[in-house]
Amino acid sequence: MEQIAARVYVNFDYEGANVGCILTDVGAIVVDTPLIPEDGKAWAAEVASIADNVLFVFNTDHHRAHILGNQYFDAPVIAHELAWKEMANYKDAFIERTKNMFKRQPEIAAQFNEVVIKKPEIAFTGRLIVKKGGREIHFVHMGGHTPATSGLWLPEERVLFTGDVVVVGEHPSLGQSNTREWLAELTRLRKTSLTCSVPGHGPLCNVEATLPVSEYIRAMRSKVRNQYRSGRTKSEAAVVISQMIDYFPYRQGDKSFVEKRIRAGVSRVYDEMKAIYGEE
Ligand SMILES: [Zn+2]
């Protein structure tokens, strides 16, 4: 866990996503919880080492890497209304799919047997402001990455937790995105004055980190647009995967995971192009 501002901490090391902890005079606010149960427990222990109690757990979106450790915190979960709706539908099959992701690491897969998805009890739409324990905290809808994706803004410190709207050094996940809204959000962020920002994945950054993400999304849109407008089917448009894969580094063992992520992005953007250009 690293301190990034006064009484603001982040752990950048857990598998899946960054997690944060903001201390107030009356308890902590936790930003996202790790994917793997062992990490979820470790994160709860880390938070307990600096805070007597947790006021809220905030999920930046409904993806598994942000929510699966919620159960290890004795506090209500806050999320955007659309994340709340998505999570309301998570059943056992969701846990099974998570286990499958780790089928080559059975000792990790087995940990998911104990997971109970703790769903949000508090939902917001545009912006929720909490003034508590000498602190002001804004939960802000951002969109783009998923319709639900939200950030946490600390106006005094000018620190923003971006959720997966900004990721550093890895392929952004476009599978549930609205790429036009995402680009608009990144442009908007570049006009703000942030001291620092905590990306969904990767090291602490500033607004410059939005540039490679914008560039990636634009490249994806233009390549998929060309495929669509040349009359290629969605499966033919998968040639874009090999054109995009070297945009960001990845570990050799993660290649098929990354390809799957890009494939989901191609599929999503293909549908977006179809909605723009219709059947040509
Ligand atoms: Zn996500």
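Author: Two ground rules come before the questions. Residues are numbered from 1 along each chain as its sequence is written. In this predicted model, local features need pLDDT of at least 70 and side-chain atom pairs count only at pLDDT 80 or more, while totals for chains, interfaces and linings use all residues.

Reader: What makes up the secondary structure of the chain?

Author: The chain has nine helices and 12 strands. Both are DSSP runs numbered from the N terminus: helices are H or I with at least four residues, strands are E with at least two.

Reader: Why is the chain called as compact as a globular protein of that length?

Author: Its radius of gyration is 19 Å. That radius is taken over C-alpha atoms, and the globule rule is 2.2 Å times the number of residues to the power 0.38. For 280 residues the rule gives 19 Å, and the chain is close to that, so the description holds. Along its principal axes, the C-alpha trace spans about 60 × 45 × 30 Å.

Reader: Why are S1 and S7 said to stand at the edges?

Author: Seven strands form an open sheet with mixed pairing, in the order S1-S2-S3-S4-S5-S6-S7. Two strands pair if DSSP finds at least two bridges between them. Strand S1 (2–5) and strand S7 (122–124) each have a single partner strand, so one side of each is left without a neighbour in the sheet. The twist averages 25 degrees from one strand to the next.

Reader: How do you know that S4 and S5 pair?

Author: Strand S4 (residues 27–31) and strand S5 (residues 54–58) share four bridges, in the parallel sense. The definition asks for at least two, so they pair. Alanine 28, for one, has valine 54 in S5 as its bridge partner.

Reader: What makes helix H1 part of this picture?

Author: Helix H1 (residues 37–50) packs on the sheet, touching strand S2 (8–11), strand S3 (19–24), S4 and S5. Contact means that C-beta atoms, placed from the backbone, lie within 7 Å. The direction of H1 makes about 20 degrees with that of S3. Axes are lines fitted to C-alpha atoms, for helices over the stretch in contact, and angles run from 0 to 180 degrees between N-to-C directions. Helix H3 (residues 81–88) also packs on the sheet, touching strand S6 (77–80) and S7, and its direction makes about 110 degrees with that of S6.

Reader: Which strands are the edge strands of the five-stranded sheet?

Author: That open sheet has the order S8-S9-S10-S11-S12, with mixed pairing. Strand S8 (127–132) and strand S12 (196–201) each pair on one side only. Inside the sheet, strand S9 (residues 135–141) and S10 pair in the antiparallel sense over four bridges. Valine 140 has glycine 151 in S10 as its bridge partner.

Reader: Why is tryptophan 153 called buried?

Author: Tryptophan 153 lies in strand S10 (residues 150–154). A residue is buried if 20 or more other C-beta atoms lie within 10 Å of its own, exposed if 12 or fewer, and partly exposed in between. Tryptophan 153 has 22, so it counts as buried. Leaving aside neighbours within four places in sequence, tryptophan 153 is in contact with His138, Val140 and Leu160.

Reader: Where do the domains lie in the chain?

Author: Domain 1 is 2–211 and domain 2 is 215–277. These bounds come from an automatic or database domain assignment. Their centres, taken over C-alpha atoms, are 26 Å apart. The contact takes 13 residues from domain 1 and 16 residues from domain 2.

Conventions: Contact = placed C-beta atoms within 7 Å.
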